[in-house]
Every structure is written in C-alpha cells, then in structure tokens.
Amino acid sequence: MATTNSRTLARFMLLPSVTLLLAWMIVPLCMTLYFSFIDYNLLVPGEKEFVGFLNYEFFLTDPAFFESFFNTLLLVTGVLLITICGGIGLAILLDQAIWGRNYVRIMVLAPFFVMPTVSALVWKNMLMNPVNGLFAHFAIWLGFDPIDFFAQMPLFSIIIIVSWQWLPFAALILLTAIQSLDREQLEAADLDGAGPLSKFFYIVLPHLSRAVTAVILIETIFLLSIFAEILVTTSGGPGYSSTNITYLIYTQSLLQFDVGGGSAGGIVAVIIANIVAIFLMRLIGKNLEG
Amino acid sequence: MGSITLKQVTKNFDEVNVIKPLDLEIKDGEFIVFVGPSGCGKSTLLRMIAGLEDTTSGNIEIDGQDATHTPPAKRGLAMVFQSYALYPHMTVRNNIAFPLKRAKVSPAEIESKIANAAKILNLTDYLDRKPGQLSGGQRQRVAIGRAIVRQPSAFLFDEPLSNLDASLRVNMRLEISELHKSLSTTMIYVTHDQVEAMTMADRIAVFNGGIIEQVGTPLELYKHPVNEFVAGFIGSPKMNFIAVPQSEDKKTVNLGIRPEHFIISQEQGTYKGTVGVIEHLGSESFLHVTLECGTTVTVKADGDCPLQYGDAIFLSAQENKTHKFDKNGLTIKTTL
Ligand SMILES: Nc1ncnc2c1ncn2[C@@H]1O[C@H](COP(=O)(O)OP(=O)(O)OP(=O)(O)O)[C@@H](O)[C@H]1O
Ligand SMILES: [Mg+2]
C-alpha cells in the first residue's frame with residue numbers, strides 16, 4: 001500500500017468518517033466559544049450582548065480558579081502515583097503462580113466495572129462515614145477518634161476513591177506487560193548474580209516503561225474530568241477545597257446559571273488539557289517510540 | 001577449574017519423568033556436546049546444571065563440591081541462551097558490564113575487562129549500541145561477551161547458533177571453537193545439529209528420551225556406535241539400514257552401511273537396485289537407490305558420477321565397514 005494511487009484512494013475513503021468526527025468535535029467547541037464571549041445568564045432574560053473577554057477575566061481572576069486548578073493537578077498526580085505504584089505491585093503479585101489466580105484476576109478487575117457514582121456512595125456511606133463507616137469503627141476499636149474524612153481531608157479522600165477505581169486498570173495493563181517479559185532475561189540475570197531488587201530495577205521496570213507511559217496518558221485524560229465522585233461526596237467543599245476545574249465549571253454554569261462564564265471556563269479547561277498533553281508527550285512520549 | 005560430575009541425576013516435571021537416572025563426568029577444559037532429537041531433555045539437563053531448574057534426585061558436583069542446591073549465581077557458570085537473552089534497554093557495554101557490576105567489581109577493572117572482551121569478539125565499534133541495533137551474529141557475540149567477562153569455570157551453550165543463517169553459523173562455529181582453544185575453559189554445548197557436534201566436540205553425549213545412549217569422541221561414535229539410534233544419529237547423510245532375513249549368526253536383524261561405504265558397480269554386487277533422484281553437490285553426489293527388496297538407500301558417489309535416473313546398478317559394502325544390529329537394536333560386536 002505505498003503507491004501514490006493507493007494512498008490517494010485511502011485518503012478519499014477516510015474522508016466521510018473524518019468529516020463526521022470533525023463536525024462532532026467542532027460544532028460544540030464553536031458553540032462554547034461563542035457563548036464564552038457573550039453575557040448569557042439564565043436568570044437574566046433579554047439581550048445577550050457581546051462582552052469580549054469579560055467572562056474570561058472573571059473566571060481567571062476568581063480565587064476559586066487557582067484553588068481548583070491546583071486541586072486538579074493534585075488529584076491527577078496523586079491518583080497517578082497511587083495507581084502506578086500500586087499497579088506495579090499488584091501486577092507482580094498477580095504474575096506469581098498462586099492458587100486460583102484466574103479468579104483473583106477477575107476479582108481485582110471488579111472495581112473498574114462499578115459506576116463512579118456507586119463507588120463514591122459506597123465509600124462515602126459504608127467506609128468513610130464518621131459515625132457508622134467501617135474506618136470509624138476500626139478507629140474506635142483501636143482507641144482513636146474517628147476521622148471525618150470529607151470534612152478533614154476532602155481532596156485526599158477523593159484521591160483515594162478515584163485511585164481505588166483506577167488501580168485495576170493500571171494493574172491489568174502492567175500485568176500483561178510483565179507477562180510479555182522474556183523469562184530467559186530473568187534467568188540470565190539470575191546467572192549474572194542479580195538479586196530480586198536488581199532484577200526489578202534493571203530488568204522489570206525498564207521493560208514496563210512503555211506500559212507505564214500508556215497508563216499515565218490514558219488515565220490523565222480521564223482524571224482531568226473527574227466529576228461524579230466530587231458531586232456525590234463533597235460537592236466541592238468545604239469551601240473550594242475539593243473543587244477541580246470540571247466541578248468549578250459545573251457550579252458556574254448550572255448552579256449560578258452563568259452560561260457565559262461556564263463556557264469561558266470550559267475553553268480554559270480545554271487549553272489546560274492541551275498544555276498537559278503537550279507537556280506529557282514531551283516528557284514521556286519518547287517511551288512509546290520504537 | 002571446571003569439572004562437572006552428574007551422579008544419578010533425574011528430573012520430573014510434576015508426574016512426567018524427563019531425565020532418567022543419568023551419570024556423566026565432564027573433565028576440566030573439555031568441550032562436550034549434547035546432541036539428540038527434539039524433546040529428549042538436553043535443555044532441561046543443561047538448565048539443571050546451571051541451577052535454573054531444580055534437580056528431582058541425584059547430585060550435581062562442580063569441582064568436586066556438591067552444588068545440587070547452590071543458587072545459579074554461586075555456581076560460577078555462565079550460560080548463553082538460544083534467544084541470547086540480552087537486556088534490550090541497555091547498551092552493549094552495560095550488558096557486558098551487568099554481571100561485573102552485580103559482583104561489585106571496581107569501575108576501572110570493569111572498563112578494562114569490557115575492552116578486552118570487545119577486542120576478542122570484534123565488538124569494539126558497537127559498544128554504545130542497543131541490542132536491537134545489532135545483527136544476529138553480533139548479538140550472539142554480545143551474549144558470549146557477557147559470559148566470558150565473568151571468567152566462569154564452565155560455559156553452557158543452549159543451541160546458540162540455531163537462529164543464525166547457514167554461512168554465519170559456520171563462522172560462529174569456528175569462533176566458538178577458537179574461543180575454547182584460547183580460554184581452555186570447560187564448555188557444554190547443546191545442539192541438535194550433528195554437524196556442529198562432530199566438528200566442535202572433544203566428546204559427544206548422544207541423548208534419547210531422557211537417557212544418554214553413548215558418550216565418546218566424535219570418531220568413536222562414528223566408528224563404533226553402540227546401537228542403531230546412535231548409528232543413525234551420527235553421520236550425515238544418515239546410515240542406511242537394510243533388513244537381513246536370515247543371517248549366518250542367527251542374531252543380526254539389520255545391517256547398517258554408511259552412504260560413503262558403498263561400492264558401486266555396473267556388473268556385480270551384493271544388492272541390485274535402480275537409481276532414483278541424484279543430488280549433485282559438485283564435490284560429491286548422493287544417489288537415492290531403491291534396492292530389489294524395496295528399501296531405499298543413500299549412496300555417496302563422485303562429483304562427476306555418470307549415472308542417470310532409472311539406471312540399474314549393483315551395490316556392495318566396503319570390507320569391515322558394515323554394522324550389525326540385533327533385534328533390540330544393539331550393535332553386535334564383530335571380532336576385530
Ligand atoms: N517447564 C516444563 N514443564 C513440563 N514439561 C517440560 C517443561 N520443560 C520441558 N518439559 C518437557 O521436558 C522434555 C524435554 O524438554 P527439553 O526442553 O529439555 O528438550 P530438548 O532436548 O532441549 O529439545 P529441543 O532440541 O527441542 O530444544 C520435553 O518433553 C518437554 O515437553
Ligand atoms: Mg532445547
């Protein structure tokens with residue numbers, strides 16, 4: 001498939017799907033862009049006038065913006081750290097020849113199939129509840145005061161919940177990567193006198209670098225737009241301490257009915273996501289080559 | 001030092017017995033080759049010697065010390081794998097340095113050892129490349145380099161040349177033989193290519209179904225195989241077996257004659273046959289001859305053999321070059 005003819009034909013064949021995808025993306029984006037430049041509040045009927053960059057000015061100078069921006073970064077990096085480290089550990093455990101490991105693997109994957117709202121509710125009401133949650137009972141049993149997770153450490157609690165959801169995904173991808181490691185390399189390392197730690201750092205970890213990169217890129221895309229877990233547990237509070245950009249946009253446009261301001265926030269979020277993407281590709285994208 | 005002694009060694013995978021009780025003595029500095037058909041347990045035995053596979057029963061002694069339960073790194077052996085097993089994300093230099101770094105050798109010494117190994121193996125120009133950027137033969141040399149810097153008491157090779165093309169294989173064969181001569185370290189070499197076995201070995205151990213059929217120098221095995229299996233396995237093309245209906249000694253069931261030990265005649269001979277396909281190799285020709293009794297035999301003839309497809313010829317064996325086998329396949333010793 002390398003003649004000029006076949007390439008032209010291939011491009012031609014791609015045209016319908018590319019057009020559809022482009023329209024799918026471009027139309028909402030343009031509408032958001034349009035809304036972000038007008039004064040459009042659902043509580044104020046009448047003229048929607050063009051206000052230039054005023055919406056952006058309000059959104060970007062709002063102290064809540066900075067707080068939620070850092071919360072977003074914290075949320076993403078925290079979850080990435082936990083899922084990658086935990087995922088590597090879990091993958092190594094699952095790779096061992098343990099009894100009934102096929103069942104264990106399916107069980108480990110289970111949290112990924114639980115809807116975000118449901119898992120957030122389970123964590124909120126059954127585990128982290130300061131009165132009748134499991135952790136509270138455990139703390140009392142040990143003689144401590146129970147922790148009110150969502151009041152005392154709201155963002156950390158959300159990081160834990162989201163990590164629990166994404167850990168299986170990371171573990172599964174990393175497990176398949178570990179299984180593709182040539183056993184003879186490990187045996188050669190055995191003969192070369194490498195202990196378990198040397199083998200892990202010099203052979204297993206470098207082998208996993210591509211899979212880790214893939215997990216980071218995929219998870220980042222989804223983690224930038226975490227929403228349901230926040231809505232169900234803390235509603236972004238107390239104050240703005242567990243609000244991320246996505247949730248801030250939601251409060252702007254739907255709780256304060258300011259469609260213009262919300263749209264400006266949306267555009268800002270798109271720009272931030274792109275900056276993160278470029279930054280990540282620069283940083284670790286070379287791992288995916290070759 | 002590098003003498004290895006196997007005493008009544010066996011290996012079971014779960015219930016399946018792969019190595020039957022087996023004794024073998026490998027002398028210091030010897031080049032011994034394990035040959036045998038696929039699945040007969042050569043790799044398994046080699047991996048047991050290396051310590052990568054547990055020994056079910058019996059003892060493995062290295063330099064007179066019992067090493068049956070010694071971990072691989074402590075046995076002082078180096079192995080070259082069929083897949084090379086190079087570390088793909090390290091440069092050639094780091095690959096070779098890896099065992100030295102693990103052994104906490106000083107950087108200056110590592111540097112000089114790498115330079116030395118690279119010189120022996122012609123790798124000096126490739127030290128900063130990754131294995132993925134090397135050809136098959138070069139990767140093979142890196143694997144050998146990684147083995148020699150450790151100065152092991154013995155080298156273990158598991159079919160190291162089977163991934164290379166024919167001409168490169170001949171070269172590497174010579175290089176390994178050369179290396180053995182210069183290092184004079186014990187080498188155990190697994191292959192199922194009997195040409196490699198014949199050309200490289202001081203001694204050959206012929207395996208079959210988890211037992212050693214015969215151990216001996218290449219010429220011993222060629223001249224005095226103990227049974228039909230060894231006779232058929234050693235020598236290329238294979239020895240021909242001709243059934244003997246009634247023999248004078250009442251024991252011989254099969255007669256073995258190697259292709260190079262036939263006398264071809266147009267007029268007379270022991271066997272009458274028709275020439276089938278002729279393979280001309282230039283220096284020699286191989287005739288596939290169908291005898292009257294139905295057996296097809298391979299016969300070696302001169303390069304400019306004038307025979308044609310379908311010609312009728314007579315064959316007889318050269319004097320004292322036949323092998324007699326009884327009904328159990330064992331060689332019947334003829335009075336020498
Ligand atoms: N890990 C294992 N579990 C169970 N059976 C095994 C295992 N490894 C090898 N075997 C069996 O042991 C027998 C010997 O295997 P081995 O690899 O030693 O053969 P080999 O002589 O090296 O053959 P080849 O020339 O094809 O490499 C085979 O029948 C194989 O099926
Ligand atoms: Mg093998």
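**View 1. A proline in a loop of chain B.** Helices and strands here are DSSP runs, numbered from the N terminus. With that numbering, B:P237 sits in the loop that links α8 (228–233) to β11 (240–243) of chain B. The model shown is predicted. The peptide bond from B:S236 to B:P237 is cis, and its omega is near -5°. Most peptide bonds are trans.

**View 2. A positive phi at B:K104.** Which loop holds B:K104? B:K104 is placed between α2 (92–102) and α3 (107–120) of chain B. B:K104 is not a glycine, yet its phi is positive, about 60°. Most residues other than glycine have a negative phi.

**View 3. The shell around ligand 1.** The residues that surround ligand 1 come from chain B, and they include B:F13, B:V18 and the run B:S38, B:G39, B:C40, B:G41, B:K42, B:S43 and B:T44. B:E159 and B:H192 also belong to this shell. Which helix gives the most to the shell? Helix α1 (residues 42–50) of chain B does, with three residues. By type, the shell holds three nonpolar, six polar and two charged residues.

**View 4. Polar atoms at ligand 1.** B:S43 places a polar side-chain atom 2.5 Å from an oxygen atom of ligand 1. For B:E159, a polar side-chain atom lies 3.2 Å from an oxygen atom of the ligand. For B:H192, the distance from a polar side-chain atom to a ligand oxygen is 3.3 Å. How much of ligand 1 does the protein bury? Taken alone, ligand 1 exposes 640 Å², and the protein buries 57% of that.

**View 5. Where chain A meets chain B.** The contact draws 16 residues from chain A and 21 residues from chain B. About 1,600 Å² is buried between the two chains. Carbon and sulfur atoms give 59% of this area. Which residues of chain A lose the most area to chain B? They are A:E184, A:L191 and A:D192, and together they make up 43% of what that side buries.

View 6. Three salt bridges are found across the interface of chain A and chain B. One salt bridge joins the side chains of B:R150 and A:D192, at 3.7 Å from N to O. On the chain A side, α9 (183–191) and α10 (196–223) each supply at least two of the residues that touch chain B. Helix α9(A) gives the most, with seven residues. The touching side of chain A divides into seven nonpolar, four polar and five charged residues.

**View 7. A salt bridge within chain A.** Over all chains, the count comes to 14 salt bridges. In this view, the side chains of A:D95 and A:R183 meet in a salt bridge, at 3.5 Å from N to O. Why does this pair tie together parts that are apart in sequence? A:D95 lies in helix α3 (residues 63–95) of chain A and A:R183 lies in helix α9 of chain A, so the pair links parts that are 88 residues apart in sequence.

Terms used. Residues numbered from 1 in each chain as written. Chains lettered and ligands numbered in written order. Predicted model: local features only at pLDDT ≥ 70, side-chain atom pairs only at ≥ 80, totals over all residues. Heavy atoms only, no water. Near = heavy atom within 4 Å. Polar contact = N/O pair within 3.5 Å; in protein donor to acceptor, adjacent residues only side chain to side chain. Areas by Shrake-Rupley, 256 points an atom, 1.4 Å probe, with all protein chains shown as cover. Helix = DSSP H or I, 4+ residues; strand = E, 2+ residues; numbered from the N terminus. Nonpolar A, V, L, I, M, F, W, Y, C, P; charged D, E, K, R; others polar. Contact = heavy atoms within 4.5 Å. Buried area = accessible area lost by both parts, 1.4 Å probe. Salt bridge = Lys/Arg side-chain N within 4 Å of Asp/Glu carboxyl O.
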